[in-house]
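Visitor: I am new to this structure and would be grateful for a close look at a single part of it.

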Amino acid sequence: MQDQSPGPVIGSRRILRFDRVERAAHWANAVLFGILMATALPLYFVQVDRFVGRRVLVENIHTWCGVALPIPLVISLAGPWGERLRRDVRRINLWTAAELRWLWSLGRRAIPEPDKFNPGQKLNALFTAGAIVVMLATGSILKWYRFFPLDWRTGATFVHDVLALGIFIVVFGHIAFALSHRDALRSMVRGWVTESWARRHASGWLKEELPDPTKDPSLPT
Amino acid sequence: MAPCAPYDEGVATSSPPVSERPKRVGRRVVLGMVAAGAAGIVFGARVQNVVGSALGSGLGGLLPGGDRFRIYTVTNSFPDIPDAAYRLKVDGLVDRPVTLTLDQLRAMPRTRLVKDFQCVTGWRVPNVHWEGVRLSDVLDLAGVQDSAQALAFDSYDGLDTESLTLDQARRPDVIVAYRMLGAPITSEHGGPVRLYVAPMYGYKSLKWLSAIRVVDRVEPGYWEQNGYAVDAWIGRSNGGTEQPVD
């Protein structure tokens with residue numbers, strides 16, 4: 001942290017949650033998901049297709065945005081600039097027993113020292129990662145179907161459709177959570193959260209960010 | 001890490017007890033999704049068939065991906081043709097060029113088929129009910145000349161075309177359809193009259209059929225000019241090597 005000294009109001013210090021690379025990766029990914037979901041509608045529903053028209057254009061946009069889907073994540077993970085994002089990926093991978101208990105109890109069993117992300121957020125990220133891989137694979141089979149047996153094409157259509165439904169549900173849930181948790185949303189727009197927010201929602205992470213709690217009387221013991 | 005380490009749960013040490021150490025749940029979730037996706041690709045068609053036939057074709061629609069037509073047009077529009085205005089022209093190498101109205105088609109011997117609709121890209125709608133007139137009956141009405149070898153089909157959309165050899169066209173499962181799914185064919189599905197070529201991929205079943213020209217050689221249609229197989233046998237063309245479905 002640039003500024004380790006207590007601010008004028010205790011707990012109002014800003015703590016970096018997402019750096020520029022992480023935010024850019026998130027929003028580039030979000031724009032691609034948005035375009036893919038918007039162009040999926042006329043491809044699935046003939047009433048929308050009638051209204052929108054230009055089906056070939058819609059199809060091409062959908063295909064090429066699909067192909068581009070992994071690019072923002074791969075680029076932001078690959079270089080030295082992706083250090084924080086890589087650290088967050090490791091965080092999302094690792095689950096403590098308390099986090100699993102939280103998940104199985106649907107949030108009723110509290111986590112003593114919550115990590116930077118709660119298990120629901122971790123699950124959202126994992127679902128998104130898995131969905132990108134599966135949608136890309138099944139979409140490629142539909143686009144370049146010649147190279148695959150007919151049964152696989154039918155199966156890929158089936159998987160693409162089922163997962164598309166899942167993606168709509170999860171993405172709209174994600175947006176609803178974001179809009180009802182403005183502090184978390186702001187950290188994805190501007191990067192920071194307040195220290196008091198971090199203490200309430202991510203005290204385990206806050207400890208890492210402020211390594212020596214004994215020197216900080218504002219932290220709980 | 002250290003399987004022989006003394007049992008130290010509850011004792012404050014530098015490393016947490018085994019049961020409290022974070023697990024790589026994330027990796028398992030993502031790999032699980034990928035594995036499920038791969039299984040769905042390989043076995044999805046079979047699952048759909050089993051569930052579809054267990055539930056009956058009506059309920060198959062509850063399955064995402066089952067029982068659903070993807071509507072394609074080549075012109076980005078749906079021709080709206082009132083029943084009364086519909087005409088099917090049959091000309092070319094025939095003895096008597098004819099123009100048929102919808103009522104005239106309906107008055108001809110009726111053929112019913114219950115067959116899958118299979119798209120070359122993979123989606124399949126099982127057990128679709130079709131009704132119409134055998135294409136060979138329509139041809140007999142006009143009288144095909146000896147020099148004829150093939151048919152060229154035109155669509156009311158003004159762009160889509162299709163082709164069949166005469167032998168293919170004479171098959172009993174190739175019809176000029178005016179009913180599907182138990183109702184008159186809607187504009188989206190190519191109504192009021194479309195072709196249904198049961199043994200071939202869906203692109204052969206031209207929508208909004210407007211004219212049949214009897215010609216002396218195969219004229220590849222719209223999709224064929226865009227790289228699709230002219231002889232579009234299901235399972236035996238367009239990259240497929242398996243046996244046909246029926």
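What distance separates the centres of domain 1 of chain B and domain 2 of chain B, taken over C-alpha atoms?

Guide: The model shown is a predicted one. In chain B, domain 1 covers residues 27–61 and domain 2 covers residues 69–225. Taken over C-alpha atoms, the centres of domain 1 of chain B and domain 2 of chain B are separated by 33 Å.

The largest nonpolar core has 71 residues, and those touching the most other members are B:L105, B:I175, B:V176, B:A177, B:V193 and B:L209. The element that gives the most to this core belongs to chain A: helix α7 (residues 119–143), with 7 residues. Domain 1 (27–61) and domain 2 (69–225) of chain B both contribute residues as well, so this core lies between them.

Leaving aside residues up to four places away in sequence, B:I175 touches B:T111, B:L113, B:W130, B:G132, B:V133, B:R134, B:L135 and B:Y196. Another core, of 6 residues, lies apart from the largest one and includes A:V193, A:A198, A:A202 and A:L206.

The axes of helix α1 (residues 20–44) and helix α5 (residues 83–93) of chain A come within 7 Å and cross at roughly 70 degrees. Angles of 65 to 115 degrees count as roughly perpendicular, and α1(A) and α5(A) are therefore roughly perpendicular to each other. Their contact is formed by A:V21, A:E22 and A:A25 from α1(A), together with A:R84, A:L85 and A:D88 from α5(A). By class, this contact of α1(A) with α5(A) comprises 3 nonpolar and 3 charged residues, with no polar ones.

Definitions and conventions:
Residues are numbered from 1 along each chain as its sequence is written. Chains are lettered from A and ligands numbered from 1 in the order in which they are written. This is a predicted model: local features need pLDDT of at least 70, side-chain atom pairs count only at pLDDT 80 or more; totals for chains, interfaces and linings use all residues. Domain bounds come from an automatic or database domain assignment. A nonpolar core is a set of buried Ala, Val, Leu, Ile, Met, Phe, Trp, Tyr and Cys residues joined through C-beta atoms within 7 Å. A residue is buried if 20 or more other C-beta atoms lie within 10 Å of its own, exposed if 12 or fewer, and partly exposed in between; C-beta atoms are placed from the backbone. Helices (H or I, at least four residues) and strands (E, at least two) are DSSP runs, numbered from the N terminus. Two residues are in contact if their C-beta atoms, placed from the backbone, lie within 7 Å. Axes are lines fitted to C-alpha atoms, for helices over the stretch in contact, and angles run from 0 to 180 degrees between N-to-C directions. Angles under 35 degrees count as roughly parallel, over 145 as roughly antiparallel, 65 to 115 as roughly perpendicular and the rest as oblique. Ala, Val, Leu, Ile, Met, Phe, Trp, Tyr, Cys and Pro count as nonpolar, Asp, Glu, Lys and Arg as charged, and the others, Gly among them, as polar.
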